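Trainee: Could you walk me through this one? I'd like to learn how to read its features, bit by bit.

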Amino acid sequence: MATTLRGDDNFDTASPIPAGEFTAKAWVNFNGTGTVAIRDSGNVSSLVDRGTGRYDFNLTNAVSSTNLAVSGAMQGTPNTNYGWLLTYPDNTDFSTSHFPIRCNYAGLTGGVDATYAMVTVTL
């Protein structure tokens with residue numbers, strides 16, 4: 001049985017989630033350097049490397065709206081670079097089954113590959 005991330009950190013899937021409570025619709029932990037690889041995920045079917053610090057995620061099951069809230073964190077290369085941001089690439093549309101992400105440092109116009117990146121999609 002799949003687990004559902006709840007706002008109160010309760011992972012008990014036997015109890016129903018109250019109406020109006022937000023849940024994670026997808027999450028992924030991945031290595032974005034070299035040949036990109038998903039370490040673990042929920043509702044993410046694939047990860048595509050689109051260039052330095054740019055990745056596309058495809059969802060296993062589409063969500064009901066494109067009004068997504070995406071949050072995440074990453075660690076760059078070398079492993080001492082912390083404080084990175086995850087943002088949507090400029091002028092990029094996303095759909096109910098796909099979303100792009102760019103890993104970069106505040107003020108950096110390009111991107112940077114992530115050694116560790118964790119992303120959560122909430123609706």
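Trainee: Which residues does Ser 65 touch, not counting residues up to four places away in sequence?

Mentor: Contact here means heavy atoms within 4.5 Å. By that rule, Ser 65 touches Thr 96 and Leu 123. Ser 65 itself is found in the loop between E4 and E5; such labels are DSSP runs, helices (H or I) of at least four residues and strands (E) of at least two, numbered from the N terminus. The side chain of Ser 65 also has a polar atom 3.0 Å from the backbone nitrogen of Asn 67. A polar contact is a pair of N or O atoms within 3.5 Å; within protein, one must be able to donate a hydrogen and the other to accept it, and residues adjacent in sequence count only if both atoms are side-chain atoms.

Trainee: What should I know about the model before I go on?

Mentor: It's a predicted model, where local features need pLDDT of at least 70 and side-chain atom pairs count only at pLDDT 80 or more, while totals for chains, interfaces and linings use all residues. Residues are numbered from 1 along each chain as its sequence is written, and side-chain values use heavy atoms, with hydrogens and water left out.

Trainee: Where is confidence lowest and where is it highest among the strands?

Mentor: pLDDT is the predictor's confidence in each residue, from 0 to 100. The protein averages 77, and 67% of the residues score at least 70. Strand E6 (residues 85-87) is lowest at a mean of 70, and strand E2 (residues 37-42) is highest at 96. Watch residues 1-12, where pLDDT stays under 50.

Trainee: In what order do the four strands of the open sheet come?

Mentor: Strands of a sheet pair through backbone hydrogen bonds, either parallel or antiparallel. Two strands count as paired if DSSP finds at least two bridges between them. Here the order is E2-E1-E8-E5, with antiparallel pairing. E2 and E5 (69-76) stand at the edges with a single partner strand each, so one side of each has no neighbour in the sheet.

Trainee: How many bridges join E1 to E2, and how many join E1 to E8?

Mentor: Five bridges join E1 (residues 24-31) to E2, and six join E1 to E8 (residues 114-122). E1 and E2 form a hairpin with five residues between them, and Gly 34 in the turn has a positive phi of about 60 degrees.

Trainee: Which aromatic residues form one cluster?

Mentor: A pair of aromatic rings is described by the distance of the centres and the angle of the planes. Rings of Phe, Tyr and Trp (its six-membered ring) pair if their centres lie within 6.5 Å; planes under 30 degrees apart count as stacked, over 60 as edge-to-face and the rest as tilted. The cluster is Phe 30, Tyr 55, Phe 57 and Phe 99. Phe 30 and Phe 57 are edge-to-face, 5.3 Å centre to centre with 65 degrees between the planes. Phe 57 and Phe 99 have centres 5.2 Å apart and planes at 25 degrees, so that pair is stacked.
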